[in-house]
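Me: I'd like to go through this one together, question by question. Can you put it up first?

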Amino acid sequence: MTTEATDDFDVCSLDELKNKGALPFDFVHPKLGRHEIAVFWDGKDVFALENYCTHEGAMLSYGYVEPGQIICPLHAAVFDLKTGACVDRFTTDTAAYEAEVRDGRVWVVAPGETPVDR
Ligand code: FES
């Protein structure tokens with residue numbers, strides 16, 4: 001994982017993300033503590049959300065990616081990949097992060113976070 005600016009993190013290659021569909025990464029935040037941010041490829045764009053479902057904590061990176069949405073693998077809550085909003089109102093919204101592709105790499109903008117290398 002590489003850091004360009006203080007809040008920008010190079011998490012993986014776009015090819016790796018396209019191959020897997022979703023990938024989780026560990027971070028530490030001063031208020032949240034250790035947690036995971038997952039990046040997603042929906043066939044058209046990249047997105048980043050808090051990895052744990054707000055309902056009962058299932059990992060969204062194990063969910064089902066649909067265009068613009070992720071479906072939780074445990075009870076099927078549906079989240080908007082761009083905003084983190086729970087679009088079926090099954091549970092509360094989750095945190096969304098800015099994600100973009102730069103030179104074939106996926107970058108996440110996560111203010112205040114520190115990446116945890118595995
Ligand atoms: S844990 Fe995600 S919907 Fe229940």
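Me: How many bridges join strand 4 to strand 5?
Reply: Strands here are DSSP runs of E with at least two residues, and helices are runs of H or I with at least four, numbered from the N terminus. Two strands pair if DSSP finds at least two bridges between them. Strand 4 and strand 5 run antiparallel, and the number of bridges joining them is five.

Me: Before we go on, what kind of model is this?
Reply: Residues are numbered from 1 along each chain as its sequence is written, and side-chain values use heavy atoms, with hydrogens and water left out. Local features need pLDDT of at least 70 and side-chain atom pairs count only at pLDDT 80 or more, while totals for chains, interfaces and linings use all residues, since the model is predicted.

Me: Which residue in the turn between strand 4 and strand 5 has a positive phi?
Reply: These two strands form a hairpin, with four residues between them. The phi in question is about 95°, and it belongs to G43.

Me: Which residue of strand 9 stands opposite A48?
Reply: A48 is in strand 5, where it stands opposite V39. Strand 5 also pairs with strand 9 (residues 96-102) in the antiparallel sense, over two bridges. There, the residue opposite A48 is Y97.

Me: Is strand 5 largely enclosed or largely open?
Reply: Buried means under 20% relative accessible area, exposed means over 50%, and partly exposed is in between (1.4 Å probe, protein chains only). Five of the five residues of strand 5 are buried, so the rest of the structure leaves this strand largely enclosed.

Me: How many residues does the largest nonpolar core have?
Reply: A nonpolar core is a set of buried Ala, Val, Leu, Ile, Met, Phe, Trp, Tyr and Cys residues joined through side-chain atoms within 4.5 Å. Among those with the most contacts inside the largest one are L17, V39 and V106. Helix 1 (14-20) and strand 10 (105-109) are among the elements that each supply at least two residues.

Me: What is the angle between the planes of F9 and F27?
Reply: Rings of Phe, Tyr and Trp (its six-membered ring) pair if their centres lie within 6.5 Å; planes under 30 degrees apart are stacked, over 60 edge-to-face, and the rest tilted. F9 in strand 2 and F27 in strand 3 sit 18 residues apart in the chain, and both are buried. Their rings are 5.2 Å apart centre to centre and edge-to-face, with an angle of 70°.

Me: Why is one side of strand 6 left without a neighbour in the sheet?
Reply: The open sheet has three strands in the order 6-7-8, with antiparallel pairing. Strand 6 (64-66) stands at an edge, so one of its sides has no neighbour, and the reason is its single partner strand.

Me: Which residue of strand 8 stands opposite I70?
Reply: Three bridges join strand 7 (residues 69-71) to strand 8, and the two run antiparallel. Opposite I70 you'll find F79.

Me: Is R89 buried or exposed?
Reply: R89 lies in the loop between strand 8 and strand 9. Its phi is positive, about 60°, although R89 is not a glycine. Most residues other than glycine have a negative phi. With 76% relative accessibility, R89 counts as exposed.
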